[in-house]
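Please look over the sequence and the model below before reading on.

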Amino acid sequence: MSRLVTTAGSPLLIGGKLTPGGAGVFTTMNPATGEALGSAANADAADMDAAVAAARTAFDETGWAAEPTVRANCLRQLRDALRGHLEELREITIAEAGAPRMLTSGPQLEAPIGDLGYFADLAETYRWETDLGTATPMGIKSGRILRREPIGVVGAITPWNFPHQINFAKLGPALAAGNTVVLKPAPDTPWCAALVGKVIAEETDIPAGVVNIVTSDDHGLGSQLVTDPRVDMISFTGSTATGRNVMAGAAASLKKVFLELGGKSAFIVLDDADIVAAARYAAFSVCVHAGQGCALTTRLLVPHAAYEQAVTAAAGTMAGIVPGDPNKSGTICGPVISERQRARIERYLDIARAEGGRIVVGGGRPRRAGGFYVEPTLIADLPNTSTVAREEIFGPVLVVIPYDGDAEAVRLANDSPYGLSGAVWGTDPERIRRVARGVRTGTLSVNGGIWYAADAPFGGYKQSGVGRELGVAGFEEYTETKLIATAE
């Protein structure tokens, strides 16, 4: 593997100390080759207990929560230190996540590191108190101050598909708001998080216990974090099924939950759009990072009259995208994360065939030696009620569905348990606005517009989640609201 700096046995970060895992180590895998990369510290229940205790102590007994300038400086310090490890992080991200090299200059690495600066600025500029003026309830004249305060100890549980983006989308606002954090990253990408922990411990002034990073292949430790009464909030990104379990586990202590979950987003092509260009764009986007993005538009809705034209255009694009080595600069579609994930995708393709779907392009494994690769696949001739049109596949798979009229396009887009993202392509601005307003999703792209940015809140409707990540709205997820009334 090119220029990979080994992180074998990468330690946990607990209470400011880099420590081995109580359960020893577990093996990390390279999805591009199917071979072992090395090992990561494997935490046990005692390690998680110690991490929560350290976070609780750091919040309750230090000045971290009361010093926004200190927090801002520490976040900038972390950003700058991570930039000093950029190439090491890049190689680890490519190796562990199978992320195409081209994406590491953007959302897979460099962009989220830079976003730490946004939250550092927000810690200093955010209006922590708002004067509501005076009122005279029950005859008592009172001055009222609305105050935002950190929520406390945050348990952050993150997935493997965009490990840095999601880790920093939680660490950044949570720390800027004055919280302490216990981060449990996915077992597929432990090195990405562990190196951040090492940088925090050795190259920043972040106080001991403010950030704790617990890697493990035991999913039960996530449940332990969710149910621990010392944890005030759980911030989870992952599947909707697991999100339900997180919400249920958090209910016992009525702790706050933020959930960023699955999606089955629709790409609506209006009949006045360039059908060919739109279909090609949709086909290309679903192949990026092998389709492993919750907000990708995996349903292509096109007018009945242009259906075959759209299918042909999308098929041409997908046929030209060959899954390849993520280390190579031109690779768009790398491997999926694991053999288990590849088998899951292949089961969905079998279901599509059984339900009468037409596999126009792909549908199998490319001719490559080793690794967990799936061919970009286009499915036609299935309704919006089909399994592959309703369930999240998390692979380079696009389903094309015809519609008649704008109203039906909106209805089909909304006929989903999810509501994370979507897209609309057309030429009439008023018509686009009308359709966009009708689609019930948290984000929407018009004619290729990009909504991803540090200041842009991201999240979904319905079973795509609860709350918003990034932006001021995402920052405020990590705060409590206190109203102070003083008699005058």
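## Terms and basis

A residue is called buried when its relative accessible area is under 20%, exposed when that area is over 50%, and partly exposed in between, with a 1.4 Å probe and only protein chains considered. Helices (H or I, at least four residues) and strands (E, at least two) are DSSP runs, numbered from the N terminus.

This is a predicted model, in which local features need pLDDT of at least 70 and side-chain atom pairs count only at pLDDT 80 or more, while totals for chains, interfaces and linings use all residues. Residues are numbered from 1 along each chain as its sequence is written, and side-chain values use heavy atoms, with hydrogens and water left out.

## An enclosed strand

Strand 12, which covers residues 265–269, has 5 of its 5 residues buried, so it is largely enclosed by the rest of the structure. Both of its faces are covered, with Ser265, Phe267 and Val269 buried on one side and Ala266 and Ile268 buried on the other.

Strands of a sheet pair through backbone hydrogen bonds, either parallel or antiparallel. Two strands are taken to pair here if DSSP finds at least two bridges between them. Strand 12 runs parallel to strand 13 (residues 297–303), and 4 bridges join the two; in this pairing, Phe267 stands opposite Leu300 of strand 13.

Another part of the model holds an open sheet of 3 strands in the order 5-6-22, with antiparallel pairing. Its edge strands, each of which pairs on one side only, are strand 5 (129–135) and strand 22 (479–487). From one strand to the next, the twist averages 20°, where axes are lines fitted to C-alpha atoms (for helices over the stretch in contact) and angles run from 0 to 180 degrees between N-to-C directions. Strand 6 (residues 142–150) pairs with strand 22 in the antiparallel sense over 9 bridges, and Ile145 stands opposite Ile484 in strand 22.

Leu132, Leu146 and Leu483 make a nonpolar surface patch of about 240 Å². Patches consist of residues with over 30% relative accessible area and no salt bridge, with like charges joined within 9 Å and nonpolar side chains (Val, Leu, Ile, Met, Phe, Trp, Tyr) within 5 Å; accessible areas come from the Shrake-Rupley method with a 1.4 Å probe, and for residues only the protein chains shown count as cover. Leu132 is found in strand 5 and, at 38% relative accessibility, counts as partly exposed.

## Annotated positions

For the entry "domain: Aldehyde dehydrogenase", which is unreviewed, UniProt lists residues 26–483. UniProt positions are given in the numbering used here, feature names are shortened, and annotations may be inferred rather than shown by experiment. In the model, this span is 39% helix and 21% strand, and its end C-alpha atoms lie 48 Å apart.

The UniProt annotation "active site", also from an unreviewed entry, covers Glu260. This residue lies in strand 11 (residues 256–260), and Glu260 counts as buried at 4% relative accessibility.

## Salt bridges and positive phi angles

The structure holds 29 salt bridges, a salt bridge being a side-chain nitrogen of Lys or Arg within 4 Å of a carboxyl oxygen of Asp or Glu. One of them joins Glu149 and Lys482, whose closest N and O atoms are 3.2 Å apart. This pair links distant parts of the chain, since Glu149 is in strand 6 and Lys482 in strand 22, 333 residues apart. Asp228 and Arg230 also meet in a salt bridge (2.8 Å, N to O); Asp228 is buried at 9% relative accessibility, whereas Arg230 is partly exposed at 26%.

Arg358 forms a salt bridge with Asp381, and their closest N and O atoms are 2.8 Å apart. Arg358 lies in strand 14 (residues 358–361) and Asp381 in the loop between strand 15 and helix 12, so the pair ties together parts that are 23 residues apart in sequence. Asp381 has a positive phi of about 70° although it is not a glycine, and it is partly exposed, with a relative accessible area of 40%. Ala290 likewise has a positive phi, near 55°; Ala290 sits in the loop between helix 9 (275–285) and strand 13 and is buried at 1% relative accessibility.
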